[in-house]
Amino acid sequence: PTPVVLDCDPGHDDAIAILLAAGSPEIDLRAITTVAANQTLGKVTLNAQRICSAAGISVPIAKGCAKPLVRPLHVAEDIHGESGMDGPAFGALSVGVVEHHAIDVMHANMPATLVATGALTNVAMYLQRYGTSAVREIVLMGGSTERGNTTPYAEFNIHVDPEAAAIVFGSGVPVTMVGLNVTHQALVTPEVVARLNALGSLGRICGELMTFFAATYREVFGFEAPPLHDPVAVARVIDPSLVTCVDAFVGIETIGTFTRGATVVDLHGRTREPPNARVAVGLDVERFFEVVIEAVKALS
Ligand code: BDR
Ligand code: CA
C-alpha cells in the first residue's frame, strides 16, 4: 500500500476522504493533519477526531496552521455550517490529538505521499521547513481548469491561501491537481445517499453529512446534488486509472484584481512554461463511487 499523510480541513467531503483513505487496502494512512480553512483550526481538528472516533480509525491526528501564510482566514460556513461538519450528531470521542505540529508529524512519516484536501498552508510550511526530498508526491484537491466556486475564477482551497499554493506548485515535487473540473462530476445523488445509508451506523453518518451538504449546495449554487470533491484526490492515489491526468503548467494567481487564487492551467502549452503539475481532466464516476462505498463498508 502507498504510505499517505492526509492534510485536511473537515469538512463534509474531507470526512469522506478520511474514510476512503482509512478504509482502502491500497493506502497505508500514516497520519491525519489539520489546517484551518473550511472552519477554524479547533473546529476542523475536532471534526477529524469525530469522524475517526465514529469509524474506529486510530491514526495520529495533529494540528497545523491556524491561518494562511499571509492573509486573514475566511472560512466556508455557508457550505459546511457552524461546526464545519454540520448534520449528524456525533458520539463520544475515542481518539485524541498528538502534541506535535502537523509539519513535524508529516516529516516523521516520510517518505510518503501527501494528500491535501484543504488550504495548502501546512504543506507549504512543511516544504519550507524540511525541503522537498522526502515527499514522494503531493496530490491535492484544489483549483480548476475552468472557473471557481469562491470567486468566479478561484476555487476555495487555493483562494484561502494562494501564497501557499504558489510555493507548492513551484516546489519541484510531483504535484497532481484534482480540481473542480473533475470533482463536479462526482455528484452525490440520492441513489448514492441510499447506498451509504444501507451500510449501517457509519453509513448513516455519511448519509447525514451528505444530506446537509446537499442542502447548502442547493442553496448556494443551485446544484441538484453536491460534489464529493476531496475523496477524488484520494481515489487518484488508490487507483490512478480512476482519475485521468495531463501534464501542464499551472500558474497561481496571487495578485489579480478579480482573479486572486485562480489556477491558470496552460492546457495547450501557450506559455511555453514547462509543466509543473499533473492536472486531472477525467473521472470514472461509477468506479469512484464503488471505491467510496467499499471503503465505508470495510470500516463498518
Ligand atoms: C473544497 O473546498 C472545501 O469547502 C471542500 O472541503 C473542498 O476541499 C472544494 O472547493
Ligand atoms: Ca476540504
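Helices (H or I, at least four residues) and strands (E, at least two) are DSSP runs, numbered here from the N terminus. The structure described is a predicted model, in which local features need pLDDT of at least 70, side-chain atom pairs count only at pLDDT 80 or more, and totals for chains, interfaces and linings use all residues. Residues are numbered from 1 along each chain as its sequence is written, chains are lettered from A and ligands numbered from 1 in the order in which they are written, and side-chain values use heavy atoms, with hydrogens and water left out.

With a relative accessibility of 41%, Leu267 counts as partly exposed; in the terms used here, buried means under 20% relative accessible area, exposed over 50%, and partly exposed in between (1.4 Å probe, protein chains only). Together with Val246 and Val281, Leu267 forms a nonpolar surface patch with about 210 Å² of accessible area. Such patches are made of residues with over 30% relative accessible area and no salt bridge, with like charges joined within 9 Å and nonpolar side chains (Val, Leu, Ile, Met, Phe, Trp, Tyr) within 5 Å. Accessible areas come from the Shrake-Rupley method with a 1.4 Å probe, and for residues only the protein chains shown count as cover. Arg272 is found in the loop between strand 8 and strand 9. Arg272 is exposed, its relative accessible area being 76%, and its phi is near 60°, a positive value in a residue other than glycine.

Strand 1 and strand 2 (residues 27-34) run parallel and are joined by seven bridges; two strands are taken to pair if DSSP finds at least two bridges between them. Within this pairing, Leu6 stands opposite Ile32 of strand 2. The loop between strand 1 and helix 1 contains Gly11, and the peptide bond leading from Pro10 to Gly11 is cis, with omega near -5°. Helix 1 (residues 12-22) has 10 of its 11 residues buried, so it is largely enclosed by the rest of the structure. Among the buried residues of helix 1 are His12, Asp13 and Asp14, as well as Ile16 and Leu19.

A cis peptide bond also joins Met110 and Pro111, with omega about 0°. Pro111 lies in the loop between helix 4 (102-108) and strand 4 (112-116).

An N or O atom in the side chain of Asn38 is 2.7 Å from an oxygen atom of ligand 1, and for the side chain of His80 the corresponding distance is 2.8 Å. A polar backbone atom of Thr117 is 3.0 Å from an oxygen atom of the ligand. On its own, ligand 1 has 280 Å² of accessible area, of which the protein covers 97%.

The structure holds nine salt bridges, each defined as a side-chain nitrogen of Lys or Arg within 4 Å of a carboxyl oxygen of Asp or Glu. One of them brings together the side chains of Asp28 and Arg30 (3.0 Å, N to O); Asp28 is partly exposed at 29% relative accessibility, and Arg30 is partly exposed at 29%. Another links Glu82 with Lys43, the closest N and O atoms being 3.6 Å apart. Glu82 lies in the loop between helix 3 (77-80) and helix 4 and Lys43 in helix 2 (residues 41-55), so the pair ties together parts that are 39 residues apart in sequence. Glu82 is exposed, with a relative accessible area of 52%, whereas Lys43 is partly exposed at 28%.

Lys297 and Glu294 also meet in a salt bridge through their side chains (3.3 Å, N to O). Both lie in helix 12 (residues 285-299), three residues apart, about one turn of the helix. Finally, a network of salt bridges links Glu191, Arg195 and Glu290.

Key: Polar contact = N/O pair within 3.5 Å; in protein donor to acceptor, adjacent residues only side chain to side chain.
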